Amino acid sequence: MEDTTKLNKSKLGTKQYWDDFYNKEKENFNENPDDTGECWFNDSDAEEKMIDFLMNNLNDTTSSVLINEKSTMIDLGTGNGHLLFQLWEEGFKQNKMLGVDYSEQSVLFSKDILEEVYKDAKDTIDFKHADIFNDSWNPGQFDIVLDKGTLDAIALSGLTFSNNQTVVDVYPNVIEKILKPNGCFLITSCNFTEQELIKTIEKSGHLKLWKTIKYPVFEFGGIKGSTICTCAFTTV
Ligand SMILES: C[S@@+](CC[C@H](N)C(=O)[O-])C[C@H]1O[C@@H](n2cnc3c(N)ncnc32)[C@H](O)[C@@H]1O
């Protein structure tokens, strides 16, 4: 079976692609304020499942993972900020939420939505421009770290570092830097299988799988699988 952790380069892995994409979405939003842009993995209800997962696992005294209504959150590669806005709608209003993206156009777009549609969320949600692989990027530590489709896009960049490590190899180190002890890293991917994702994130030995979210399984040509997977990790 193909090892999708060794993804090929694609335009979806370039900053130019995302700048053009969010520039267009921002233009659409300016023409029609009801159009807040694409919700990635909408077909699989991934966003709803991620939100339900967090709500259902708050204040779980049987688990070492410590998350509650006041947990601070960061959304990596936030795009249009949809996930954070929905979490706010669902009741995460007493905490700090930060969305970061390396596309300036994404940050401008999500700030526009915050200003025009979610004014009341301005004390809770903020968006900042950042490349998460930049060594000087240090946003502090968060109780909950979110990724919906961002590692997928990152993997398609095909970038490697001077020590020959790929962006996918380095990605868990980024999470370790910003995740509080006993926090939750919740990630949804369509490019990695569940097993590949677990192997990738646990590789450094500092993060371990906590729980997974189940999706409908399809069967094709005798092979079973899901088109998407969501895993929650915590610190070791
Ligand atoms: C597939 S989109 C997902 C957007 C959003 N999470 C969602 O669910 O709609 C991938 C996002 O990752 C961002 N991204 C890619 N590489 C990044 C990096 N190195 N640092 C920060 N953001 C990055 C892109 O600009 C884009 O917004």
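A salt bridge here is a side-chain nitrogen of Lys or Arg within 4 Å of a carboxyl oxygen of Asp or Glu. By that rule, a search of the whole structure turns up 9 salt bridges. Keep in mind that this is a predicted model: local features need pLDDT of at least 70, side-chain atom pairs count only at pLDDT 80 or more, and totals for chains, interfaces and linings use all residues. Numbering starts from 1 along each chain as its sequence is written, and side-chain values use heavy atoms, with hydrogens and water left out.

**Salt bridges**

- Lys26 pairs up with Asp112, with the closest N and O atoms 3.4 Å apart. Lys26 sits in helix H1 and Asp112 in helix H4 (residues 104-116), so this pair ties together parts that are 86 residues apart in sequence. Helices here are DSSP runs of H or I with at least four residues, strands are E runs of at least two, and numbering goes from the N terminus.
- Both Lys26 and Asp112 are buried; buried means under 20% relative accessible area, exposed over 50%, and partly exposed in between (1.4 Å probe, protein chains only).
- Glu27 and Lys24 form a salt bridge at 3.6 Å, N to O. They are 3 residues apart in helix H1 (residues 15-31), which puts about one helical turn between them. Glu27 is partly exposed at 38% relative accessible area, and Lys24 is partly exposed at 47%.
- Glu115 meets Lys122 at 3.1 Å, N to O. Glu115 is partly exposed at 36%, as is Lys122 at 40%.
- Lys15, Asp19 and Glu104 are linked in a salt-bridge network.

- Asp75 lies in strand E1 (residues 73-76).
- The side chain of Asp75 does make a polar contact of 2.8 Å with that of Thr78. Such a contact is a pair of N or O atoms within 3.5 Å; within protein, one must be able to donate a hydrogen and the other to accept it, and residues adjacent in sequence count only if both are side-chain atoms.

**Around the ligand**

- Of the 18 residues around the ligand (a heavy atom within 4 Å), Gly77, Asp101, Tyr102, Asp131 and Lys148 come nearest.
- A polar side-chain atom of Lys148 is 2.7 Å from a ligand oxygen.
- A ligand nitrogen is 3.0 Å from an N or O atom in the Asp131 side chain.
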